[in-house]
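I would like the terms spelled out as they come up.

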Amino acid sequence: SAAVKDGFDSFMDKEIHDQPKAVADTLLGRTDATGALVLDELRIPESTLRSIDKIIVIACGTAAYSGHVAKYAIEHWCRIPVEVELAHEFRYRDPILTARTLVVAISQSGETMDTLMAVRHAREQGASVLAIVNTNGSTIPRESDAVLYTHAGPEVAVASTKAFLAQITACYLLGLYLAQLRGTKFADELREILHELQALPDKIQHVLDGEAAVREVAQAMKDEPSFLFLGRHVGYPVALEGALKLKEIAYIHAEGFAAGELKHGPIALVDEGQPVFVIAPSPRGRDQLHHKVVSNIQEVRARGARTLVIAEEGDEAVAPYADIVFRVPQTPTLLSPLVAVVPLQIFASELAKAKGLDVDQPRNLAKSVTVE
Ligand code: G6P
């Protein structure tokens, strides 16, 4: 009904606007008076968490992309190898699991059968399972060793938005907690990252305040038959999620690629007028990432692509090669998916609406898939 949509055209639009709160609520109450992280819900013994030598994240759909983001953050902060795998692939390939493996199952609904089957399999093989779930009292947390709840609130639109941001946030908390426990980061470094993380809700709100520009471009592109999305590092799962949103609700062929893979195949798809989204990392990072992505934008532009670039405020290096720039606030690269994905969600929602489609109830999809 119109009332619960809070005046928005769709639940998806409402939920996109709920995101600053979803992230803030997921962060709420996770630190003690000294600023140290406390994850009380995490009932797995500290000795077990100290001894784990591998993490495997399992999930489906959008939740799996949050796991993909988690891999970059957790490996960097904790120096524990992290694998990310679709739950249905994990379950049926005889994965290597021991008592020192932590399996992290991520699910908005907590009811996805593919993920539940993978959880059961992991526990049977002796691994500990931590569920990151949005729905209280659902099946996956009941069947796991522990649960870290995301506090996004109920998500109604089939295409996941606020749950995704809350899942990424919960994964950051897990990574920072493990780093604290295992001593792979100094306390002041951890506090600094947490401080940056706490600034994200306002930054997401800032992106939402600029949504009109994104919507205008989406309307103008409503008849495009195909979109490509490119990103590196954490921008890669953001690209995958941007493409998934367009497929799910706008029924447009869209593909996400690791930008470095372009020259190994996908660039053959690019010809005159092909729209290509590129997620540019922070130019303030110490690595070569930004420079490499700028080269990728040039490469597709030189082949006639129309480039739509998600870039930080103040990043002028992308401007000469971008047909359109969507700005996001300055954010450390590892945390940047929380702002970078927002314009892509808005774009998909507006484009689906412009095509006259049911944004909240796309054909053939279910919010929660309870069959294998
Ligand atoms: C379905 C939904 C997707 C969702 C996926 C995983 O396919 O349509 O939006 O990402 O399931 O759902 P979960 O509840 O496990 O996060």
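**A walk through the predicted model**

Leaving aside its neighbours within four places in sequence, isoleucine 58 touches Glu85, Ala87, Phe90, Val103, Ala105, Thr115 and Ala118, where two residues are in contact if their C-beta atoms, placed from the backbone, lie within 7 Å. This residue belongs to strand β1, residues 54–59; helices (H or I, at least four residues) and strands (E, at least two) are DSSP runs, numbered from the N terminus. Isoleucine 58 counts as buried because it has 30 C-beta neighbours inside 10 Å. The cut-offs are that a residue is buried if 20 or more other C-beta atoms lie within 10 Å of its own, exposed if 12 or fewer, and partly exposed in between, with C-beta atoms placed from the backbone. Between the C-alpha atoms of isoleucine 58 and glutamate 89, which are 31 residues apart along the chain, the separation is 9.2 Å.

Residues are numbered from 1 along each chain as its sequence is written. This is a predicted model, in which local features need pLDDT of at least 70 and side-chain atom pairs count only at pLDDT 80 or more, while totals for chains, interfaces and linings use all residues. The mean pLDDT of the protein chain is 95, with 99% of its residues at 70 or more; pLDDT is the predictor's confidence in each residue, from 0 to 100. The model scores are ipTM 0.95 and pTM 0.97.

Isoleucine 106 is buried, because 34 other C-beta atoms lie within 10 Å. Apart from its neighbours within four places in sequence, isoleucine 106 is in contact with Val57, Ala59, Ala63, Ser66, Gly67, Ile132 and Gln167.

The ligand is surrounded by 16 residues, of which the closest are Gly61, Ser107, Gln108, Ser109 and Thr112; a residue is near a molecule if its C-beta atom, placed from the backbone, lies within 6 Å of it. Helix α4 (residues 61–78) supplies the largest share of this shell, three residues. Sorted by class, the shell has six nonpolar, nine polar and one charged residues, with Ala, Val, Leu, Ile, Met, Phe, Trp, Tyr, Cys and Pro counted as nonpolar, Asp, Glu, Lys and Arg as charged, and the others, Gly among them, as polar.

Several helices show how one face can be covered. In α2, the buried residues are Gln19, Pro20, Ala22, Val23, Thr26 and Leu27. They cover an arc of only 165° around the axis, which puts them on the same side of α2, the arc being that of the directions from the helix axis to the C-beta atoms. The elements covering these buried residues of α2 include α1, α8 (162–182), α9, α10 and α14. After α2 comes glycine 29, whose phi is positive, near 70°.

Helix α10 (residues 200–209) has Leu200, Pro201, Lys203, Ile204 and Val207 as its buried residues. Seen down the axis of α10, these fall within an arc of 160°, so they line one face of the helix. That buried side packs against α2 (19–27), α9 (187–198), β10 (324–328) and α14 (337–354), whereas the face of α10 turned away from it carries the exposed residues Asp202 and Asp209.

In helix α13, the buried residues are His290, Val293, Val294, Asn296, Ile297 and Val300. Seen down the axis of α13, they fall within an arc of 155°, so they line one face of the helix. These residues pack against β6 (226–231), β8 (275–279) and β9 (306–312), while His291 and Ala302 are exposed on the other side of α13. Just after α13, glycine 304 takes a positive phi of about 100°.

Positive phi also occurs in residues other than glycine. Aspartate 6, which is not a glycine, has a positive phi of about 55° and is found in the segment before α1 (11–17). Aspartate 6 counts as exposed because it has 11 C-beta neighbours inside 10 Å. Tyrosine 251 has a positive phi near 55° and is placed in the loop between α12 (235–250) and β7 (253–258). With 14 C-beta neighbours inside 10 Å, tyrosine 251 counts as partly exposed.
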